[in-house]
Amino acid sequence: ALGYPAPNIVMLTDAQATCTAIRSYVESWLPRNVKEDSKVFFYFSGHGAPDTESKQAYLVPWDGDSQFLTDTGYPVKRLYQKLNELKAKQVVVAMDSCFSGAGGHSVLAKGARPLMTRVDVGNSDDMGKVVVLAAAGAEEITGSEEGQGHGLFTYYMLKSLNASAGKHTVGEIYGYLKPKVEGAARQSNRGQTPQMLGRSADQTGKESLR
């Protein structure tokens, strides 16, 4: 739907999606391949986890271990920092994960208690020009669309992209999926509120991903 050329796409799934691979493509491959007029779209679907001491949010890759997050996870703040350093004109992150430690796509080290205080998933100063479409609020858990093989967030994001042949702006995608996800979550008697984050959100929200 987005029409990206195949050589410009890197897809890491299952055992390919290691912490080393994610770090290598974000921190080495992208800087070598991104140009000033490039649009970068980073999508992650999988577990997130909070460090129960620092409250920092981490992506948990295929080989990640929630007991040793600082060694085996990829910090969300570092992701934003590295993407912001790219010379691209647009960087959009779509994150179908949660970091509350309370379930869904979020995991905790064995024996740890779910966090009751706010998890630090980054702020606008961390993101710079990066705009983030996040599946849920910092204290919420994510849910799945049963029978579709996707999280609610991903399912409705894809419906928006396919319906517009990839021409929806970031703001239009968010405007479409937010009420859909909220409504589906209510049907399961829980809250899930997608977020659009970043100080560049107003401008980037008016641009398409194509």
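Predicted model: local features only at pLDDT ≥ 70, side-chain atom pairs only at ≥ 80, totals over all residues.

**Notebook: strands, rings and confidence**

I began with a strand pair: S2 and strand S3 (residues 57-59) run antiparallel to each other, joined over 3 bridges.

I found an open sheet of 3 strands, in the order S2-S3-S4, with antiparallel pairing. Its edge strands are strand S2 (48-50) and strand S4 (74-75), each of which pairs on one side only. I noted the general rule alongside: strands of a sheet pair through backbone hydrogen bonds, either parallel or antiparallel.

**Strand S6**

I then turned to S6 and its partners. How many bridges link strand S5 (residues 90-96) with S6, and in which sense do they pair? I counted 5 bridges, in the parallel sense. Valine 91 is the residue standing opposite valine 130 in S6.

S6 also pairs with strand S9 (residues 195-197), here antiparallel and over 3 bridges. For valine 132, the bridge partner in S9 is leucine 197.

Is S6 enclosed or open? I checked burial: 5 of the 5 residues of strand S6 (residues 130-134) are buried, so the strand is largely enclosed by the rest of the structure. In a regular strand the side chains alternate between the two faces of the sheet, and I looked for that pattern here. Val130, Val132 and Ala134 point one way from S6, while Val131 and Leu133 point the other way, and all are buried.

**Aromatic pairs**

I searched the whole structure for aromatic pairs and got 2. The rings of tyrosine 25 and tryptophan 29 have centres 5.9 Å apart and planes at 65 degrees, so I logged the pair as edge-to-face. Both residues lie in helix H1 (residues 19-33), 4 residues apart, which is about one turn of the helix. Tyrosine 25 is partly exposed, at 32% relative accessibility. Tryptophan 29 is partly exposed at 22%; I take buried to mean under 20%.

Tyrosine 155 and tyrosine 156 form an aromatic pair too, edge-to-face, at 4.9 Å centre to centre and 75 degrees between the planes. Tyrosine 155 counts as buried, at 17% relative accessibility. Tyrosine 156 is buried as well, with a relative accessible area of 13%.

**Confidence**

How far does the predictor trust its chain? I read an average pLDDT of 84, with 85% of the residues scoring at least 70. Confidence is highest in H1, at 97, and lowest in helix H4 (residues 124-127), at a mean of 71. I flagged residues 101-117, where the pLDDT is below 50; beyond near neighbours in sequence, this stretch has 48 contacts in the model.

**Whole-chain tallies**

To finish, I took the totals. The secondary structure of the chain comes to 7 helices and 9 strands. Of the 210 residues in the chain, 45% are buried. Among contacts with a separation of 6 or more, 71% are between residues 24 or more positions apart. The accessible surface of the chain is about 10,700 Å², and carbon and sulfur atoms hold 46% of that surface.

Notes. Residues numbered from 1 in each chain as written. Heavy atoms only, no water. Phe/Tyr/Trp six-rings, centres within 6.5 Å; stacked < 30°, edge-to-face > 60°. Helix = DSSP H or I, 4+ residues; strand = E, 2+ residues; numbered from the N terminus. Buried < 20%, exposed > 50% of the residue type's maximum accessible area, 1.4 Å probe, protein only. Pairing = 2+ DSSP bridges. pLDDT = per-residue confidence, 0-100. Contact = heavy atoms within 4.5 Å. Areas by Shrake-Rupley, 256 points an atom, 1.4 Å probe, with all protein chains shown as cover.
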